[in-house]
Amino acid sequence: MTTQLPGTLADRVRGRVVRPGDDDYDEARRVYNAMIDARPHVVVRCAGPDDVAAAVRYAAETGRALAVRGGGHSVPGFGTADDAVVADLSLLQSVDVDPEARTARAGGGTTWGRFNDATAASGLATTGGIISTTGIGGLTLGGGIGYLCRGYGLSCDNLLAAEVVTADGSVVTASAEEEPDLFWALRGGGGNFGVVTSFTYRVHPVGTIYGGPMFFELADAPAVLDFFRDFIADAPREYGGFPAFQIAPPLPFVPEDRVGDTFVAVVSCWSGSAAEGERVVDRFRQVARPVAEHVGPMPYPALNSAFDPLVPPGLQHYWKAAFVTELTDAAIAAHVEHGARVPVVNSTMHLYPINGAVHDVASDATAFGHRDASFAAVIAGMWPDPGDNEANVRWVREYHAAIAPHSAPGGYTNFASADDAHKAAENYGANHERLRELKRRYDPGNLFHLNQNIRP
Ligand SMILES: Cc1cc2nc3c(=O)[nH]c(=O)nc-3n(C[C@H](O)[C@H](O)[C@H](O)COP(=O)(O)OP(=O)(O)OC[C@H]3O[C@@H](n4cnc5c(N)ncnc54)[C@H](O)[C@@H]3O)c2cc1C
């Protein structure tokens with residue numbers, strides 16, 4: 001093993017190399033999940049693909065683990081590790097929109113908030129997540145579920161090209177024409193195949209949407225979930241939205257005496273005309289009377305950032321995921337029982353529909369392995385006080401165990417925790433074997449292993 005001093009690495013990169021003892025080391029080593037307290041060997045604030053390549057080579061040369069950090073949202077904290085070389089992409093956040101071609105190219109460390117603001121200036125958007133602080137990197141590489149996926153497919157379905165630093169430090173372009181196998185693997189195979197320094201997406205005309213959250217009494221939860229299941233099966237594709245269990249935060253639209261109570265919520269996003277959206281969303285009011293709601297026309301980026309304050313950096317995170325092929329009455333009963341016990345205002349369960357444009361793409365056309373699902377459930381435990389870890393982890397595990405008999409074997413890799421690593425085959429689903437073959441070709445030494453790992 002050759003050892004090189006970080007000083008040598010600093011000579012090889014344009015960005016900054018942050019080391020233990022530097023004033024900004026503690027800030028540079030932090031990731032979103034405060035449960036993760038790793039002390040990396042260096043954090044390379046990469047200024048471009050060459051810096052990423054230098055970090056990749058340095059990790060390989062020194063035999064250290066390489067951690068790649070985009071938005072830093074990974075629940076298992078894959079964006080850092082003890083003694084690792086961290087390739088931090090947070091400086092790579094430029095977004096270039098081509099409104100004529102309806103494409104947008106964004107740096108590998110861009111967050112959805114930044115991406116959406118740039119595309120919204122031209123009345124355009126693509127499928128991103130529910131929260132604006134999540135990185136486009138990890139989210140897209142794992143698939144990408146969000147408000148717009150019924151209309152426009154997963155985030156990865158909108159990926160046209162990626163600039164990638166591979167395990168040997170080369171910089172390549174992956175698209176339908178160039179490196180098509182790598183391009184296939186990037187669309188659902190997570191960070192297993194390389195470091196993406198820029199993503200080029202197809203973008204769509206989405207300006208003002210009609211939507212927002214509605215809170216219903218827990219007693220109405222069976223009826224609301226039952227209605228949602230039938231409604232979403234053939235709802236117009238302009239509708240993106242999901243049911244959730246949520247403690248009401250202290251917001252102006254929540255009656256003061258109901259703050260802190262638990263509700264079943266429906267969060268809607270209608271990307272067609274406001275008048276039509278109003279009619280569609282009104283159907284939920286025919287099922288039950290909302291206790292509180294904040295629904296109306298708003299710019300898409302406003303909805304995409306509306307829940308950011310509920311999930312600030314620095315919370316403890318423990319999540320579990322499940323795909324559902326058929327949402328049975330028994331599954332709904334399990335959700336009602338465990339959703340009602342959500343312990344803190346930051347925690348939640350979201351039940352995202354997987355249909356519409358996501359089902360237009362063949363199961364083997366991209367690496368995302370669960371196109372046969374109709375819902376993706378995430379039980380997202382997020383709480384401020386480490387003293388509450390045991391109770392919150394227990395809630396997530398018990399909830400997950402209760403829905404497991406009614407779920408498909410795998411869950412969405414982007415919602416999985418570190419203790420789901422043994423479930424890679426189920427979680428990558430139908431495409432796991434081809435992913436392993438391509439892993440052997442593109443990363444035989446498994447340099448990119450700090451992720452939901454596909455073993456070569
Ligand atoms: C509050 C919150 C809300 C979320 N909401 C959604 C949602 O609505 N929809 C959804 O689909 N998911 C959602 N997620 C899950 C999210 O998709 C994953 O956590 C994702 O991995 C985060 O990506 P990141 O770049 O922010 O994270 P990071 O921690 O930086 O990276 C996560 C993984 O991706 C790899 N990676 C990141 N960027 C790159 C890159 N440019 N090239 C190569 N590898 C890279 C990392 O190595 C790591 O393995 C949410 C997560 C959180 C914490």
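A polar contact here is a pair of N or O atoms within 3.5 Å. The model itself is predicted.

Start at the ligand. A polar side-chain atom of Asn-414 lies 3.2 Å from an oxygen atom of the ligand. A polar backbone atom of Gly-71 is 2.9 Å from an oxygen atom of the ligand. For Leu-139, a polar backbone atom is 3.5 Å from an oxygen atom of the ligand. Now consider how the protein covers the ligand. Taken alone, the ligand exposes 940 Å². The protein buries 97% of that.

Who does the covering? The shell around the ligand holds 34 residues. The closest are Gly-70, Gly-72, Ile-130, Ile-145 and Tyr-412. By type, the shell divides into 16 nonpolar residues, 17 polar and 1 charged. Several elements contribute. Strand E3, helix H5 (136-142), strand E10 and strand E17 (316-324) each supply at least two residues of the shell. Helix H5 gives the largest share, with 4 residues.

Two of those contributors, E3 and E10, lead us on to the sheets. Take the sheet with E3 to begin with. It is an open sheet of 4 strands, in the order E1-E2-E4-E3. Its pairing is mixed. Strand E1 (16-18) and strand E3 (66-69) stand at the edges. Each has a single partner strand, so one side of each is left without a neighbour in the sheet. From one strand to the next, the twist averages 20°. Look closely at one pair. E1 and strand E2 (residues 42-45) run antiparallel and are joined by 3 bridges. Within this pair, Val-17 has Val-44 in E2 as its bridge partner. A helix packs on this sheet as well: H3 touches E2, E3 and strand E4 (85-88). The direction of H3 makes about 165° with that of E4.

Now move to the sheet that contains E10. This open sheet has 5 strands, in the order E5-E6-E10-E8-E9. Here the pairing is antiparallel. Which strands stand at the edges? They are E5 (95-98) and E9 (171-175). Each has a single partner strand, so one side of each is left without a neighbour in the sheet. Neighbouring strands of this sheet are turned by 15° against each other on average, direction ignored.

E5 and E6 pair in the antiparallel sense over 4 bridges. In this pair, Val-95 stands opposite Ala-106 in E6. The two strands form a hairpin with 4 residues between them. In that hairpin, Arg-102 takes a positive phi near 55°. Next comes the pairing of E6 (residues 103-107) with E10 (residues 195-202), which is antiparallel over 5 bridges. There, Thr-103 stands opposite Arg-202 in E10.

Helices pack on this sheet too. Helix H3 (residues 49-62) touches strand E8 (159-165), E9 and E10. The direction of H3 makes about 50° with that of E8. Helix H4 (residues 112-120) lies across E5, E6 and E10. H4 runs at about 30° to E5.

How values were computed: Residues are numbered from 1 along each chain as its sequence is written. This is a predicted model: local features need pLDDT of at least 70, side-chain atom pairs count only at pLDDT 80 or more; totals for chains, interfaces and linings use all residues. Side-chain values use heavy atoms; hydrogens and water are left out. Two strands pair if DSSP finds at least two bridges between them. Axes are lines fitted to C-alpha atoms, for helices over the stretch in contact, and angles run from 0 to 180 degrees between N-to-C directions. Contact means heavy atoms within 4.5 Å. A residue is near a molecule or strand if one of its heavy atoms lies within 4 Å of it. A polar contact is a pair of N or O atoms within 3.5 Å; within protein, one must be able to donate a hydrogen and the other to accept it, and residues adjacent in sequence count only if both atoms are side-chain atoms. Accessible areas come from the Shrake-Rupley method with a 1.4 Å probe; for residues, only the protein chains shown count as cover. Ala, Val, Leu, Ile, Met, Phe, Trp, Tyr, Cys and Pro count as nonpolar, Asp, Glu, Lys and Arg as charged, and the others, Gly among them, as polar.
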